[in-house]
Amino acid sequence: MQPDLMIADEPPMGVAYPSARGLASAQALRLGAPIELTVPAYLISHYWWAYVHPRAVRVFERQWLVNLILWGNYPRLSDAALDELGEELSGATLQVACVYGDLTERLCARAAAGRGRIDIVDVLPIQLENLRSKLPHGAPARLLPMNSADLAMPAGSYDRALVFFLLHEQPRHVRERTLAEVARVVRPGGKIVVVDYARPRWWNPLRYLWGPVLALLEPFALDLWRQEIAAWLPGSCTRRVHKRSFFGGLYQKVVLTR
Ligand SMILES: C[S@@+](CC[C@H](N)C(=O)[O-])C[C@H]1O[C@@H](n2cnc3c(N)ncnc32)[C@H](O)[C@@H]1O
């Protein structure tokens, strides 16, 4: 499936939107996708240095660096996400947005063990290309250029979904649409695993150190300090929500059962 993508998002003031759009279109063509791709404005204005620029991928595609940014918690948080999904993943799994490091390779290994398959969606073709270069030949995965806020799959297409450190990057209205879309495409009874930032406990020094850093670099992240993820879920989804905290509350894993 290679759907057409037409996401209307306001270009931010002072941003060279056409060139970023052109860059993404060129990347889309290289990926072989006959698509018209629009990069969300918040990615261009706030995350060009982390995901959009080709040099960003070369710099950040280092697991030790991602682990450093997560204060040494990358293995623990990815283990928590993978273990929640299961050792052997039969059926269909959705990963919403690419992740630096080996998380997706490990997810694919579990899908292979369970004779299942994985779809990974991302709005940036450069991220999908990078992921393709990391996956072993024959991995049971499809890489789909798509916006998490506007998924092209029919309702109930997946048995489970993983959303790893995506929500804190999105403005509230996009975050809500992402959660609504993920809830729509996961079948009733299926599981949605979200791993992301949360408000550290009062005694955690990172509450005072990391807050200003996030405010500077990741302007929407502090929303996850102020509100529970359940606050952005569609009403149909709020009944079965289980939360576990990590690292003095700085991180959370939220499991939703549809
Ligand atoms: C999952 S998040 C953060 C991952 C985390 N910092 C890491 O690499 O460990 C980063 C990805 O989200 C993607 N992304 C952001 N907004 C998106 C959206 N609306 N739809 C699809 N992908 C999106 C970016 O293109 C990027 O590849």
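These are my notebook entries on a predicted model of one chain.

**Ground rules.** I number residues from 1 along each chain as its sequence is written. Because this is a predicted model, I took local features only at pLDDT of at least 70 and side-chain atom pairs only at pLDDT 80 or more, while totals for chains, interfaces and linings use all residues.

**Overall layout.** I found 10 helices and seven strands in the chain; helices (H or I, at least four residues) and strands (E, at least two) are DSSP runs, numbered from the N terminus. I then looked up burial: 40% of the 258 residues count as buried. Buried means 20 or more other C-beta atoms within 10 Å of the residue's own, exposed means 12 or fewer, and partly exposed lies in between, with C-beta atoms placed from the backbone.

**Core.** I looked at the largest nonpolar core, which has 63 residues. Such a core is a set of buried Ala, Val, Leu, Ile, Met, Phe, Trp, Tyr and Cys residues joined through C-beta atoms within 7 Å. Val96, Ile120, Ala161, Leu162, Val163, Phe164 and Val182 touch the most other members. I followed up Ala161: leaving out residues up to four places away in sequence, Ala161 touches Leu94, Val96, Val182, Val186 and Ile192. Touching here is contact, with C-beta atoms, placed from the backbone, within 7 Å.

**Strand S7.** Next came S7 (residues 251-257), where five of the seven residues are buried, so the strand is largely enclosed by the rest of the structure. S7 runs antiparallel to S5 (residues 186-197), joined by seven bridges, and Val255 in S7 is the bridge partner of Val193. S6 (residues 241-246) also runs antiparallel to S7, with six bridges, and there Ser245 is partnered by Gln252. For pairing I used the DSSP rule of at least two bridges between two strands.

**Two positive phi values.** Most residues other than glycine have a negative phi, so I noted the exceptions. Phe247 has a phi of about 55° and sits in the loop between S6 and S7. With 18 other C-beta atoms within 10 Å, Phe247 is partly exposed. Arg115 has a phi near 60° and lies in the loop between helix H6 (103-113) and S2. Arg115 counts as exposed, with 11 C-beta neighbours inside 10 Å.

**Ligand shell.** Last, I checked the 23 residues around the ligand, of which Ala97, Tyr100, Val123, Gln127 and Ser148 come nearest. A residue is near if its C-beta atom, placed from the backbone, lies within 6 Å. Helix H2 (41-52) and strand S2 (117-122) are the elements giving two or more residues to this shell.

Key. Contact = placed C-beta atoms within 7 Å.
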